[in-house]
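Here are my notes on the two-chain model, as promised. Have the viewer open while you go through the points.

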Amino acid sequence: MISLLFELFSYQFVVRAVLVGALVSLCAALLGVSLVLKRYSMIGDGLAHVAFGALSVALATGFAPLVFSVPVVVLAAFGLLRISENSKIKGDAAIAVISSAALAIGVIAASLKKGLNVDVYNYMFGSILAMSRGDVYLSVSLSCVVLLFFLFFYNKIFAVTFDEDFAFAAGVNARGYNALIALLTAVTIVVGMRIMGTLLISSLIVFPALTAMRICKSFRSVVICAATVSLVCFFSGILASFAFEIPTGASVVVANIIAFLSFSLLARVPR
Amino acid sequence: MSRLVVDSLSIDYDGRRAVCDVSFSLEKGEFLAVVGENGSGKSTLIKGIIGVLPPSAGTVSLSCDGRPGIGYLPQQTKLQRDFPASVREVVLSGSVASSGFAPFYSAEDKRRAARYMDELAITGLAGRSYRELSGGEQQRALLARAFCAARDLLVLDEPTAGLDPLISAEFYELVARFNSETGITTVMVTHDVAAAVHCADKILHMGSAALFFGGCGAYTETELGKNFTGCRHD
């Protein structure tokens, strides 16, 4: 076990990936609590697909992937939020349409440029090796910004999540904070999909929050528990991925599933 | 000067005109009860007053310093009923706007939350999870939160929906006491016309348009009032 850890952290790229991954897991878990409670879980999934489309287009046209896709996904986040606010059912359908449209555009963009299949596979399922030094700097600073914003506006985020109309009446700019949550989610997803992959990043948002809600009773304990669960699952996933030579993103998701099932069982234990 | 002035307000909701040309004004400290049948635009009017729904025509103006602080007690949504939050967190969130951009609640915010939890007899529930409470206890937590937020106006949308008559009567009593002690203008939607006449200063009877607006005494003398209070003597 110890020797495995030493071996793991002797690679520079592993240290980078673990650093970025841990930060992204933390951001995703914190934002996830608000998104799941607001019934916006699917927005994370839709945004991940948009991010995939944007990254493929960026690769095909030669733009820097993160610099190009962050603004695209942020715009998509605002759009989806606007649609969901207006009508619940239409919002559902809009997410499905935007997801598949972005996926289609991404696949076509990727196919236009030969030799891109490896990159596309990496974005679909995530790859730790795909992180360059520049990516790491950008990812770390974006994640830190997300964390700081979340901590600084924690009380407002709680009020807006629990009851938007009340917060608005009391004098809080509820729409502004909704937009802030969408913005932070968009950034987290773009940064995180390099490691987790398009298809799996939304689990990083949804699972820790759901797991924490099995047993925690206050908002603060849910937030703290979700963050802890997310970090523990990320590290266990990474370890398992090296020990058994299985894909990282998928291992992290499986670790999250195990945590969710154990917490669900724990919640059923009579006290 | 009037505290709340609603001037020829119309609001469209779900493609139809739910509130049609309603005008009234309230002085500081007045207590208005909004009554009327289901679908008569009571809740839409309330959402127009707090600013969640934009007016299609007319204006709502609230005289206050800076951005208005309205304590709002909404009709509960399904989403809220199973929300993981402690009662303390819910009540404290009533002060969410008073701290401006500061990331934490001030000592004054905490004192206010403690005072209203005490007044509503939910101090013992402070650490309990909101989703484990009974309907009446949840409603008390939301009322304490609304009290914390009500700097200029208190707006209650059917505060006693789903509560038994005894708890309802107690609830009206609490609201009336808050109104008279703090002098904060209060607007309350209710189905209970008898209670409305008992504790409010003015009555607004809605039927998309304002069918009646005035004092309680005058209201009980109208045909409308007689029909709704069940005091017809003919």
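A nonpolar core here is a set of buried Ala, Val, Leu, Ile, Met, Phe, Trp, Tyr and Cys residues joined through side-chain atoms within 4.5 Å. Buried means under 20% relative accessible area, exposed over 50%, and partly exposed in between, with a 1.4 Å probe and protein chains only.

1. Ground rules. This is a predicted model, where local features need pLDDT of at least 70, side-chain atom pairs count only at pLDDT 80 or more, and totals for chains, interfaces and linings use all residues. Residues are numbered from 1 along each chain as its sequence is written, chains are lettered from A and ligands numbered from 1 in the order in which they are written, and side-chain values use heavy atoms, with hydrogens and water left out.

2. The cores. The largest nonpolar core has 143 residues, and the members that touch the most others are A:Leu47, A:Phe219, B:Ile122, B:Leu143 and B:Leu154. Helix H2 of chain A (residues 12–37) supplies the largest share of this core, 16 residues; helices (H or I, at least four residues) and strands (E, at least two) are DSSP runs, numbered from the N terminus. Apart from this core lies another, of 29 residues, including A:Ala170, B:Ile46, B:Val52 and B:Val187.

3. What does B:Leu154 touch, leaving out residues up to four places away in sequence? Its partners include B:Gly71, B:Ala146, B:Phe147, B:Val175 and B:Phe178, as well as B:Ile184 and B:Val187. Contact means heavy atoms within 4.5 Å.

4. Interface extent. On the chain A side, 29 residues are in contact with 39 residues of chain B. The two chains bury about 2900 Å² between them, 60% of it on carbon and sulfur atoms. In chain A, A:Phe162, A:Phe166 and A:Lys217 lose the most area to chain B, together 26% of what that side buries. Buried area is the accessible area (1.4 Å probe) that two parts lose on being put together, summed over both.

5. On the side of chain A that touches chain B, H8(A) gives the most, with seven residues.

6. B:Ser8 is not a glycine, yet has a positive phi of about 35°. This serine sits in strand E1 of chain B (residues 4–13) and is partly exposed at 29% relative accessibility. B:Asp21 also isn't a glycine, and its phi is positive, near 55°. The aspartate lies in strand E2 of chain B (residues 16–26) and, at 47% relative accessibility, counts as partly exposed.

7. A:Thr198, in helix H11 of chain A (residues 198–215), is buried because its relative accessibility is 0%. A:Thr248 belongs to helix H13 (residues 248–268) of chain A and counts as buried at 12% relative accessibility. Its side chain makes a polar contact of 3.5 Å with that of A:Ser241.

Key: A polar contact is a pair of N or O atoms within 3.5 Å; within protein, one must be able to donate a hydrogen and the other to accept it, and residues adjacent in sequence count only if both atoms are side-chain atoms.
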